[in-house]
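Here's a quick briefing to read with the structure open beside you. Take a look at it first, then work through the points below.

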There are 2 protein chains.
Amino acid sequence: MPSTVSTRTMANAIRALAMDAVQKANSGHPGMPMGMAEVAVALWSRHLRHNPADPRWPARDRFVLSNGHGSMLQYALLHLSGYDLAMQELINFRQLHSKTPGHPEVAVTPGVETTTGPLGQGFANAVGMALAEKMLAAEFNRPGFSVVDHHTYVFVGDGCLMEGISHEAASLAGVWQLDKLIAIYDDNGISIDGKVEHWFADDTARRFESYGWAVIGPVDGHDVEAMDGAIAAAKATGKPALVVARTVIGQGSPNRAGSEKAHGEALGEAEIAATRAAIGWEHPPFVIPANVYAAWDARASGAARQAQWQQLFGQYAERYPHEAGEFERRMRGDLPARWGDAVLDALVAAADKEETVATRKASQLALDALAPCLPELVGGSADLTGSNLTKWKGAAPLRPDDIAGRHINFGVREFGMAAIVNGIALHGGFIPFGATFLTFADYARNALRMAALMRQRAIFVFTHDSIGLGEDGPTHQSVEHAASLRLIPNMDVWRPADTCETLVAWASAIERRNGPSSLLFSRQAVRFIEREEIDADAIARGAYVISEAAGGLKQASAVIIATGSEVPLAMDAQAALLAAGIAVRVVSMPATTVFDRQDVSYKASVLPEGLPRVAIEAGVTDGWWKYVRGTGAVIGVDRFGESAPAGVLFREFGFTIDNVVAVVNQVIRGKA
Amino acid sequence: MPSTVSTRTMANAIRALAMDAVQKANSGHPGMPMGMAEVAVALWSRHLRHNPADPRWPARDRFVLSNGHGSMLQYALLHLSGYDLAMQELINFRQLHSKTPGHPEVAVTPGVETTTGPLGQGFANAVGMALAEKMLAAEFNRPGFSVVDHHTYVFVGDGCLMEGISHEAASLAGVWQLDKLIAIYDDNGISIDGKVEHWFADDTARRFESYGWAVIGPVDGHDVEAMDGAIAAAKATGKPALVVARTVIGQGSPNRAGSEKAHGEALGEAEIAATRAAIGWEHPPFVIPANVYAAWDARASGAARQAQWQQLFGQYAERYPHEAGEFERRMRGDLPARWGDAVLDALVAAADKEETVATRKASQLALDALAPCLPELVGGSADLTGSNLTKWKGAAPLRPDDIAGRHINFGVREFGMAAIVNGIALHGGFIPFGATFLTFADYARNALRMAALMRQRAIFVFTHDSIGLGEDGPTHQSVEHAASLRLIPNMDVWRPADTCETLVAWASAIERRNGPSSLLFSRQAVRFIEREEIDADAIARGAYVISEAAGGLKQASAVIIATGSEVPLAMDAQAALLAAGIAVRVVSMPATTVFDRQDVSYKASVLPEGLPRVAIEAGVTDGWWKYVRGTGAVIGVDRFGESAPAGVLFREFGFTIDNVVAVVNQVIRGKA
């Protein structure tokens, strides 16, 4: 009987679960869940549209806990409202292979929409989700059929708002007028170091108004009715809205409430007992009375809501069968039926044309060829559209008054862009990408990592991928970036050599459902590699023999491995060596990360044992020893670049036929 | 005769040099210098206190071009006002080894205070410089002797203000009340993709007011008198001030002004001719009339100002000889006389105590021991003070009303922190550091890169350096970060194993004048390594034999290399192997980057040829093949971590004596 349980008791159920689970694990963050408990009651029991039985229901509201250290808040809410998250999981909080890791992780816990913890990024993910909702609604809704119509709610703490990414994401939410995005700010005045006034004195309301947001509050965050009203008001503003909830961290704890001591450690048995007494919660740890469960239970209401939507969608499907089918395909993440043919056609055309272009241009050609059959493609650049070449034929710019546009001007906001791209991917319905210069992958780096950790189909385009960038100089020249991206587990990194490899890179990134891809492209033109056969399957394996040694493998004295713009140099060196009577194999390795996943026999067929290897890449050498091993050499760039025309730099840094020939000769002699 | 030359003509000299140099290079950005020319006239001829003959004069105003793509503005200003930057350098704009690289680079061009280009960072550097000025003034000024009293001016563009780091740095400048920081916003409404209104609709004035800044303007940026007045007004606000200068990008160019086409490419000969006509500049490229030079010449006024200051400083030195000597030492960057003894004493004490503590605790102990003799030490944490353990004994928190505090609460602002640390280092007088969890080095990454590119003594403390972080889970567990930091050229990366190695790491970072250091510390306790001798010099070489094979090198069957928290495991495995009759050498390699700089014979003495090697590090394995080569193995973590107690994770990921023994045996057999 929900009516017999007060909102205070509902909130205290969260408090008890949070403090007890943290105590049991002797690890975690009780302060935030205890402080946000009433806010959570207001949102989850009065507003959030969700169905615990189907956490993937497309029309659900999205809920993001950007201050993810308060994970026990989310686990308590999921458990109490009826998700498939048993009490035993809460008891196993933060233990190996539990469904309750230290911070919320998507795909680990049902109902968790995104992995959070690295502050500010959940907020930016939420901006991406709200944008995805707005784009999908504009594309699929029809008069009388608002099949896409849901809110995105995000809890943010002081930490999220101190982070620079909050500026980038909030600014874009304002530009895009994301009126279904509601952020609730846990304004408790405390961060880990203590009272925030000494390091965070912003007038946050004023700041968000400067972005074109509506600001509601400050509201007493421990007053469920007031929060309920504030959320209702936020929905009605027609703008992205920030609800400022004044809360007390660790509320309920007699001796730790309002102090940073409540933030990140267990309260201790004595203080937990005192808190139980203070809040009037008499139940033992991990015991929730049936009436409290009943008050929280969202299964019936959720099922009814989903059934209602399903009925609407059924009618929509009758009236608009094509749109309904497309919507379902898009939300499943399946590619269109003609995708395979489109890739094949594009490859044949590229192979025929043999164009010598910069691979960034090859990327644009790939987009031009593939986008027409891929309405789910959406992406753009962090204010380098004409340099990244991300705008494909027919792509209109996305604007609040033309939300059908699929090319996004992200502005100079690399980190925000990447986290928004992640949010779009998490929402579903789109294959998103973002672009900047490779060097500025640094700015976005933790969002790239999060894409990899979350195994999202998020695509990152990084052009101007080496000293080949030229005159802009060392600040803009990538040296360590290809190597460092390859270190991120589950991140695929492509550095293709020509139009055909670029097409395969794009196709592989789009077809990859369980992880992100970084596509690295040159600023400068790269010669099309003439070869007997364009074997797309071989390219798709990450490395392949692009040019066998004259006379076959048995005649080979060495293997040259190269990527991207250095593949033509490897080919030229091969020819020069042959003229001197030395046969070598050339391996193009556009994706080391993909090659690493191949079976042992394929790897051995490309890099046979016993032949010395020389790797060439215009970047740091460290990563290449993994492939070159004992008897080889690496030609690379182990210092920062310089400002000069690209051709001058490639000579200055030893990327010449003569140098490659000399190094290969040394390696062969060293072995002999 | 300055009076005979109008400010308009002075500005046009900049326009001409900028458009001609970009045209000659056929590369660069004419739009910003042409748009900011009058602003530059107002600042450089009316306000900037500098002496072209001595670009290192400590009391000079600092000038930062955060929108560094407009480098020709700065080069023109430096050339015209009399710095050692000949016209031939401007003619060689963006050519190899010129003093005029694509973006301004400190230590390449006299008068350039920081390397800019990666947007937003110059602004944050300026915040660091202004903080350094304020701290030095509070420390060294005496009644009647304002020996430290200068402004920091920074030009920022739309791009800088879109970047998240502008939020972080501006917020801190507000908190610290940096009243001598003046930012001039080139508000031209254009970024690379076009009119910014479509992706940057912030009310920037309102935003900066929310940080506690004064905002002056908008002012007509082409009206020198108005800008002069605005800068004067900004100085008088008693707050950090943002002057909003409304400008036209590419001003003067009849067909490109006000358009993104003016931004990033040469205007072309025809448009340059048209511009010359439009602005009334009749001189050939790279020719400046004598009267224009005279109007710009700041040598006499600069010399007079510096002489005046020198006189004041002379009197100060008479009255306060100790303070004057300290000030000069600090600005030279020399360490105190008793530094060497302090390090030695601390090492002896640590060796005696043999404490088993987390290396983050060892770091705090090192700070406790070294800080008392190092008044130039200033640093803190991005809201993880109690976790990073950055606060040393006796360090007070830096606050606007206690600017003598040397521990900084940076708030949750990793990128801003790192760029501010760079700015403090660039200013001089301090050895700054900043701290966060190692995983969040990602957030700061490009500032770490910039520290390395600029060869600054900036120190970055990264704790919780592996899966040893435990329950917080994969979002917070570093896996790829040690390896990826090592890829940044000129970045030293230390991952010490115990209290003694930690001390050497800190001492090395502090003594390193030509580059930054990243210090990686464990969350969990690490056993003190008992050994016959603590050889600080050996540790300082980056790798050394911490435990020779029983019976000496000739008896060794393999070498185990380990870092940080894995060194005790290597020692235990060594003992277990010996019990089975197998002798191995253990090498501790706290700093691969430092070891790489050692001579060939030292390297060979540590890692002798012919013995198989096994590397152990709780991180990605890729980088270790460089040291292990053909016949070895690497024990590491090539996937994301998990949320669980640290001990559980180390077992789960194979960091056990049994596994190390098994791998060493495999390697030995493989070789046999």
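Are A:E376 and A:R329 buried or exposed? A:E376 is buried, and A:R329 is buried too (buried means under 20% relative accessible area, exposed over 50% and partly exposed in between, with a 1.4 Å probe and protein chains only). Before going on, note that this is a predicted model, where local features need pLDDT of at least 70 and side-chain atom pairs count only at pLDDT 80 or more, while totals for chains, interfaces and linings use all residues. Residues are numbered from 1 along each chain as its sequence is written, chains are lettered from A and ligands numbered from 1 in the order in which they are written, and side-chain values use heavy atoms, with hydrogens and water left out.

**Salt bridges within a chain**

- A:E376 and A:R329 pair up in a salt bridge, with their closest N and O atoms 2.7 Å apart (the rule asks for a side-chain nitrogen of Lys or Arg within 4 Å of a carboxyl oxygen of Asp or Glu).
- A:E376 sits in the loop between helix 16 (359-370) and strand 9 (377-381) of chain A, and A:R329 in helix 14 (residues 321-332) of chain A, so the pair ties together parts that are 47 residues apart in sequence. Helices (H or I, at least four residues) and strands (E, at least two) are DSSP runs, numbered from the N terminus.
- Over all chains, the structure holds 77 salt bridges.

**Where the chains meet**

- 96 residues of chain A are in contact with 96 residues of chain B (contact means heavy atoms within 4.5 Å).
- The rule finds 10 salt bridges across this interface.
- One of the pairs that cross between chains joins B:E480, in the loop between strand 12 (459-463) and helix 20 (481-486) of chain B, to A:R449 in helix 19 of chain A.
- The B:E480 and A:R449 side chains meet at 2.7 Å, N to O, and both residues are buried.
- B:K626 forms a salt bridge with A:D622, and here the closest N and O atoms are 3.2 Å apart.

**The nonpolar core**

- The largest nonpolar core has 189 residues, and A:W506 and B:W506 are among those that touch the most other members. Such a core is a set of buried Ala, Val, Leu, Ile, Met, Phe, Trp, Tyr and Cys residues joined through side-chain atoms within 4.5 Å.
- Not counting residues up to four places away in sequence, A:W506 touches several residues, including A:L367, A:F433 and A:F521.
- A second, separate core of 182 residues includes A:F140 and B:Y316.
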